[in-house]
There are 2 protein chains.
Amino acid sequence: MDQIKALKCVLCGKEYSPGEVEYTCPACGPEGILEVLYDYELISRRISPRSLKEDPDFSIWRYKPLLPVREDSPIPPLHVGWTPLYRPRLLNEKLGFSHLFIKDEGRNPTASLKDRASAVGIVKALEKGAREVTCASTGNAASSWAGAAASVGLKSYIFVPQTAPRAKLAQLLIFGATIFPVKGSYDQAFDLCIQASSRFGWYNRNTAFNPYLVEGKKTVALEIAEQLAWKAPDKVFVSVGDGCILSGVFKGFADLLNLGWIDRFPQIIGVQAEGASPLYRAWKEGKPFEPVEPVTIADSISVGIPRNRVMALRDLKTWKGLMMTVTDDEILEAMRVLGRQSGVFGEPAGVASLAGLIKASKEGIVQKEEAVVVIISGNGLKDISSALKAVRMPEPIEPSLSSVEEYLKKATSFQ
Amino acid sequence: MDQIKALKCVLCGKEYSPGEVEYTCPACGPEGILEVLYDYELISRRISPRSLKEDPDFSIWRYKPLLPVREDSPIPPLHVGWTPLYRPRLLNEKLGFSHLFIKDEGRNPTASLKDRASAVGIVKALEKGAREVTCASTGNAASSWAGAAASVGLKSYIFVPQTAPRAKLAQLLIFGATIFPVKGSYDQAFDLCIQASSRFGWYNRNTAFNPYLVEGKKTVALEIAEQLAWKAPDKVFVSVGDGCILSGVFKGFADLLNLGWIDRFPQIIGVQAEGASPLYRAWKEGKPFEPVEPVTIADSISVGIPRNRVMALRDLKTWKGLMMTVTDDEILEAMRVLGRQSGVFGEPAGVASLAGLIKASKEGIVQKEEAVVVIISGNGLKDISSALKAVRMPEPIEPSLSSVEEYLKKATSFQ
């Protein structure tokens with residue numbers, strides 16, 4: 001792993017070698033998240049846009065030299081990444097854009113962007129010789145972790161808030177995870193998982209605790225750039241809960257700028273649900289973060305204590321990113337607009353990004369001629385109850401043509 | 001479309017040109033399904049394993065010269081096909097195989113194999129200048145059709161049995177379809193859709209009615225062969241409802257044999273749910289088909305009147321295929337085995353194929369050293385209620401380490 005120069009604490013700045021420390025900075029404790037620093041000169045000799053052009057591996061592992069894993073580490077079998085980047089014509093027309101792109105992360109193996117991080121996490125767990133793994137999650141990280149663990153024969157222990165959507169719980173159980181539905185919030189599940197991991201020696205995937213997950217998440221940015229022929233978009237919209245995907249997107253574009261593969265940094269716009277927006281508030285007011293009691297239908301970003309706040313706020317400042325909030329109604333509207341104008345079905349947290357774009361467009365924060373990428377971070381099938389709030393379920397009809405005719409008349413009259 | 005020699009009725013054998021007839025044989029009525037006959041010599045000059053090796057389009061459209069569409073027809077935007085073909089090590093070990101492959105069709109845009117047929121159907125609808133489209137479906141064909149229609153701006157009218165899983169209904173509604181939940185079975189929804197299509201002039205995607213859908217479905221066989229470097233597997237297991245995917249698989253391998261790209265035909269094994277097995281019975285007893293009242297948790301193959309029975313039974317005879325049945329319990333067990341040994345989550349109908357393999361293996365129908373492909377036709381997220389029948393949902397715990405310890409002790413004691 002000579003591509004890694006150091007793991008550097010975001011709080012105290014102390015640097016460690018990868019073998020020296022497992023999760024956070026020993027000096028600063030759980031808030032001392034470590035960032036992976038790379039030797040870009042070395043990496044440049046191993047991978048380039050030219051070498052990628054010849055690479056037939058259309059998964060996140062095409063970027064292996066840019067990931068924090070050993071060169072000879074086996075790759076887990078589920079196919080992760082290289083998700084479609086669409087430029088949906090009808091959506092562009094509807095919203096008045098010409099270069100609006102949708103990155104459909106619901107096409108990953110367990111149907112969310114989190115599969116990118118879990119794949120890297122599993123490689124790290126195997127490098128350590130772990131047999132048991134754990135994480136706390138609002139749902140998506142958990143199901144991706146359990147699926148990836150199952151694919152390589154690791155036992156998984158998962159902590160979720162008991163309110164997690166049934167679809168995500170079903171995934172976990174089908175993948176054979178032992179799950180702990182915690183009577184409490186995601187934030188309580190998170191703390192309990194850290195304790196249990198330490199007590200039982202389970203390898204821990206927790207977001208903003210394990211330093212390697214942001215590295216998995218950054219592959220979405222690498223792909224966006226490559227799919228746009230190494231031309232950075234003007235803006236990228238991304239939904240924000242803990243702020244880890246946000247930092248992943250920053251990290252990916254930072255890598256590319258450091259390598260000289262893109263020539264400017266896109267503006268990254270993080271979108272939180274109004275009812276769960278502590279990062280937005282901290283960014284907006286420039287004040288220390290304050291925990292909130294999260295209330296939103298967007299379960300994957302329903303986070304009151306954003307674990308990656310330090311790194312995320314630093315990234316926003318360094319790279320001149322923006323934060324914004326959207327209401328649950330705006331999220332449901334974005335879900336309908338996306339489905340109807342592109343055939344892509346995103347979960348509420350997954351389309352908060354699009355709701356953000358729609359709002360930003362109205363507010364003049366984004367210009368119609370700009371190249372904009374909206375990351376849809378999870379599939380709508382993961383949370384059907386919320387999706388059904390966005391639509392009206394029609395009444396059943398008798399199996400006769402006259403019922404169809406009657407129904408159509410009614411449908412026309414109230415449309 | 002000079003690659004098409006004729007559309008030939010499976011009942012009377014009469015041949016038509018593609019422009020001459022839209023759906024079924026005018027002489028035989030709705031049962032006179034038309035089969036697309038190709039000019040393989042011409043096709044051989046347009047596409048070959050060698051040209052495919054250089055083709056960067058990893059979707060079903062890499063096989064465009066082998067599909068019943070005009071060369072210049074625009075391709076709908078959603079990325080369909082080139083789904084992963086896994087050889088999961090743990091699943092192979094568990095079931096005692098060495099060359100067992102899983103084709104994960106849940107990775108398609110709306111999470112089922114049906115997206116292959118819908119993509120081709122949409123191109124045909126656009127070629128006809130249609131603005132409105134329809135279909136009847138147990139759920140998957142409908143959601144794929146509605147999604148594909150939305151992606152190109154066509155209005156969709158969908159007939160489903162009112163019992164269709166909520167996830168599939170949610171997809172339809174998000175995609176903006178007008179849906180008719182029919183008080184009755186899939187079979188009644190099917191008949192009503194044909195009537196409505198004829199009454200309102202909507203372009204009809206119905207299975208075993210529209211001749212082009214089998215052609216979309218066959219791409220799964222083309223991909224399997226290409227992913228195995230043009231070596232046909234020994235056996236392919238596929239779940240069967242109407243028998244259209246079954247005929248699609250036959251057609252794909254038949255195309256490849258006709259083109260000389262494979263040198264033998266794999267044995268195709270169709271698997272029905274015991275409670276919905278009219279095709280199995282007709283095949284087994286060599287008698288005319290008799291409708292049944294379908295009862296199975298596998299909603300996508302819960303079919304009492306298999307619409308493609310004539311073609312499917314003919315294909316089974318021509319190519320020495322087999323049919324078998326599995327119980328709902330065997331289906332739920334297959335769902336668990338697949339999830340736990342590979343990290344792939346299939347819906348009940350999607351894993352009936354694997355349940356079939358497990359049974360066939362016990363009965364000596366398949367040998368452990370054979371190369372076997374199991375098609376998982378849909379994602380488990382499409383039917384969470386059924387998935388939850390396969391697992392036990394644990395009780396919530398208090399957020400304390402002692403609760404975790406107590407829980408683990410209990411978990412160990414009953415495992």
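Which residues touch the most other members of the largest nonpolar core? In this predicted model, they are A:Ile158, A:Ile331, B:Ile158 and B:Ile331, within a core of 279 residues. A nonpolar core is here a set of buried Ala, Val, Leu, Ile, Met, Phe, Trp, Tyr and Cys residues joined through C-beta atoms within 7 Å. A residue is buried if 20 or more other C-beta atoms lie within 10 Å of its own, exposed if 12 or fewer, and partly exposed in between, with C-beta atoms placed from the backbone. In soluble globular proteins, nonpolar side chains tend to be buried together.

Because the model is predicted, local features need pLDDT of at least 70 and side-chain atom pairs count only at pLDDT 80 or more, while totals for chains, interfaces and linings use all residues. Residues are numbered from 1 along each chain as its sequence is written, and chains are lettered from A and ligands numbered from 1 in the order in which they are written.

Of the 415 residues of chain A, 59% count as buried. The C-alpha trace of chain A spans about 75 × 45 × 45 Å along its principal axes.

The secondary structure of chain A comprises 16 helices and 13 strands, taken as DSSP runs (helices: H or I, at least four residues; strands: E, at least two) numbered from the N terminus. Six of the strands form an open sheet of mixed pairing, in the order E4-E5-E13-E10-E11-E12; two strands pair if DSSP finds at least two bridges between them. Strands E4 (85–86) and E12 (322–326) of chain A each have a single partner strand, so one side of each is left without a neighbour in the sheet. Within this sheet, E10 (residues 235–239) and E11 (residues 267–273) of chain A run parallel and are joined by five bridges, with A:Val236 opposite A:Ile268.

Contacts require C-beta atoms, placed from the backbone, to lie within 7 Å. Leaving aside neighbours within four places in sequence, A:Ile331 contacts residues including A:Ala273, A:Val326 and A:Pro348.

In chain B, an open sheet of three strands has the order E2-E1-E3 and antiparallel pairing. Two bridges link E1 (residues 4–9) to E2 of chain B, and B:Leu7 has B:Tyr16 as its bridge partner in E2.

Definitions and conventions. Contact = placed C-beta atoms within 7 Å.
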